[in-house]
Amino acid sequence: MIDIASLRAPLVAAATTLQLELSEAQIEKLLAYLAMMEKWNKVYNLTSLRDPQAMLTHHLIDSLSLLPALRRHTGGQALRLMDVGSGGGLPGVVIAICNPEIDVSCVDAVLKKASFITQVAAELKLANLHGVHSRVEALKTPAFDLITSRAFASLLDFTTLTRQHLKPAAIWLAMKGQHPADEIAALPADLDVFHVEQLEVPGLDAQRCLIWIRPKN
């Protein structure tokens with residue numbers, strides 16, 4: 001079992017470094033989510049990482065690094081977000097915990113991963129979190145204000161597979177490692193990569209960036 005006490009301090013420190021104001025209840029839910037991920041991972045293989053400290057840094061804090069940009073964009077508005085290829089719920093669950101005004105649907109083609117998200121929503125009482133088992137191209141759902149991904153696919157596949165689910169004037173946010181110049185170059189001419197933002201992940205010595213994309217008018 002995870003020693004929750006040992007992970008609280010680095011989580012709080014990372015949130016402070018990212019200038020994220022998180023309540024005690026949100027910190028508790030993030031740690032409870034990490035504990036659930038570690039427990040279910042033994043059977044469901046949600047992530048290749050097994051060390052709780054590595055899971056904290058590479059998954060939770062990595063996902064938290066998205067939040068300053070996301071909050072800047074949304075301005076606290078209530079909206080619907082789809083997290084594609086969400087796997088164990090990254091960054092979707094983290095967004096749902098830290099931004100309760102955002103309604104998050106975590107979509108994954110693997111049933112056990114979508115079921116895990118449903119269980120997280122139930123145990124942590126997250127009414128704004130939904131696990132959805134479907135291939136994204138086959139999904140029947142109202143369009144979304146935001147569509148995110150983290151290590152899901154190339155930018156071309158990400159935007160092509162989800163474009164039908166994007167509201168007019170909505171955007172894609174893709175979390176990537178190194179600057180994906182080749183992937184950006186492969187996008188169709190009617191898409192606009194209007195911002196590439198470097199992300200600093202506390203405790204993680206690796207390149208991360210956030211790609212902002214929207215359809216051209």
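**Helix packing and sheet layout**

Me: At what angle do helix 2 and helix 3 pack, and how far apart are their axes?
Reply: Happy to start there: this is a predicted model, in which local features need pLDDT of at least 70 and side-chain atom pairs count only at pLDDT 80 or more, while totals for chains, interfaces and linings use all residues. Residues are numbered from 1 along each chain as its sequence is written, and side-chain values use heavy atoms, with hydrogens and water left out. Helices (H or I, at least four residues) and strands (E, at least two) are DSSP runs numbered from the N terminus; axes are lines fitted to C-alpha atoms, for helices over the stretch in contact, and angles run from 0 to 180 degrees between N-to-C directions. On that basis, helix 2 and helix 3 pack at about 130°, with their axes 11 Å apart.

Me: Are helix 2 and helix 3 parallel, antiparallel, perpendicular or oblique to each other?
Reply: Angles under 35 degrees count as roughly parallel, over 145 as roughly antiparallel, 65 to 115 as roughly perpendicular, and the rest as oblique. The angle here is about 130°. Helix 2 and helix 3 are therefore oblique.

Me: Which residues of helix 3 make the contact with helix 2?
Reply: Contact means heavy atoms within 4.5 Å. Helix 2 contributes Leu30, Tyr33, Leu34, Met37 and Glu38. From helix 3 come Pro52, Met55, Leu56, His59, Leu60 and Leu64.

Me: How far apart are the end C-alpha atoms of helix 2?
Reply: The expected span of a helix is 1.5 Å times one less than its number of residues. Helix 2 covers residues 24–44, so its 21 residues should span 30 Å. In agreement with that, its end C-alpha atoms are apart by 29 Å.

Me: Which helices do the buried residues of helix 2 pack against?
Reply: Buried means under 20% relative accessible area, exposed over 50%, and partly exposed in between (1.4 Å probe, protein chains only). The buried residues of helix 2 include Ile27, Leu31, Ala35, Met36 and Trp40. Their packing partners are helix 1 (4–17), helix 3 (52–64), helix 5 (92–98) and helix 6 (111–123).

Me: Which strands stand at the edges of the sheet?
Reply: Two strands pair if DSSP finds at least two bridges between them. The open sheet has seven strands in the order 3-2-1-4-5-7-6, with mixed pairing. Each edge strand has a single partner, so one side is left without a neighbour in the sheet; these are strand 3 and strand 6.

Me: Which residue of strand 3 is the bridge partner of serine 105?
Reply: Strand 2 (residues 102–108) and strand 3 pair in the parallel sense over five bridges. In strand 3, serine 105 has as its bridge partner histidine 130.

Me: Is glycine 131 buried, partly exposed or exposed?
Reply: Glycine 131 sits in strand 3 (residues 129–133). Leaving aside neighbours within four places in sequence, it is in contact with Cys106, Ala114, Ile117 and Thr118. With a relative accessible area of 25%, glycine 131 is partly exposed.

Me: How many of the eight residues of strand 7 are buried?
Reply: Strand 7 (residues 208–215) pairs in the antiparallel sense with strand 5 (residues 166–176) over five bridges, and likewise with strand 6 (residues 191–199) over eight bridges. Tryptophan 172 stands opposite isoleucine 213, and aspartate 192 opposite arginine 214. Strand 7 is largely enclosed by the rest of the structure, because its buried residues number six of the eight.
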